[in-house]
Amino acid sequence: AYGGNCRTPFADELASEGVRFNQSFTPAPICHPARSCVATGLLPHANGFIANRCGAGAYPFNTFPDIPTTADLLSEIGYRCGYAGQGHIDLKGFHDDYSLPFSAYNEYLGRHGLSEKFDSQTVRPGGGRLDMDIEHARDTRYTARALELLDEFAALDQPWFIQFDFDGPHPICKVPDPFFESHAASDAIVPGNFHDTLADRPRIH
């Protein structure tokens, strides 16, 4: 839909049937602050979520308590609001939580005798091939829960809104077959600064 040499049939279909934003810029270069902007319509310094947090107690993330979210505003006008996906956000304004937190996903893998690891022959910076069938992959399990929520909401007699947060594409990329084999790394079109040594940059870079 946007050029390049990646095959993206589902994104192409969405672009042809929905609204396509040709000039979009992220308000934050890291995932959770960017998600907070989508949820609130405010920049990170205004909604209170200015950085990713790691370690114990990091999730779910929270914005300032007095900042309304999309779900808050839609709930006020009669929408049923549901959330599915990563389970990493504070569910403010949502009526239904179909998320799958990392701990629950790991429990699911344990019940099936699996662990989220790479095929050792394919590991490279940023990811590799996921050494399990696609049905057990993280985003597949998120999607299964989202479809359950969609079925439930489709039967409602009121308007509804679902927020669905995938994990990918997001480093570290754990890519199951057949998707891992669908593109060769050597075919990737990289930006001009991809091989910058950062020799003259501050250490944090």
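Let's start with a pair of side chains: R80 and D96 meet in a salt bridge at 2.7 Å, N to O (a side-chain nitrogen of Lys or Arg within 4 Å of a carboxyl oxygen of Asp or Glu). R80 sits in strand 1 and D96 in strand 2, so this pair links distant parts of the chain, 16 residues apart. This is a predicted model, in which local features need pLDDT of at least 70, side-chain atom pairs count only at pLDDT 80 or more, and totals for chains, interfaces and linings use all residues. Residues are numbered from 1 along each chain as its sequence is written, and side-chain values use heavy atoms, with hydrogens and water left out.

Now for the sheet. Strands here are DSSP runs of E with at least two residues, helices are runs of H or I with at least four, and both are numbered from the N terminus; two strands pair if DSSP finds at least two bridges between them.

| Pair | N to O distance |
|---|---|
| R80 and D96 | 2.7 Å |
| R35 and D165 | 3.7 Å |
| D177 and R129 | 3.2 Å |

R35 lies in helix 2 (residues 31-40) and D165 in strand 4, so their bridge ties together parts 130 residues apart in sequence. Are these two residues buried or exposed? R35 counts as buried at 19% relative accessibility, and D165 is buried at 9%. The cut-offs are under 20% relative accessible area for buried, over 50% for exposed, and partly exposed in between, with a 1.4 Å probe and protein chains only.

D177 comes in the segment after strand 5 (173-175), while R129 is in strand 3 (residues 127-129), so that pair ties together parts 48 residues apart. D177 is partly exposed at 35%, whereas R129 is buried at 15%.

Finally, D66 lies in the loop between helix 3 (44-47) and helix 4 (70-76). D66 is exposed, with a relative accessible area of 62%.
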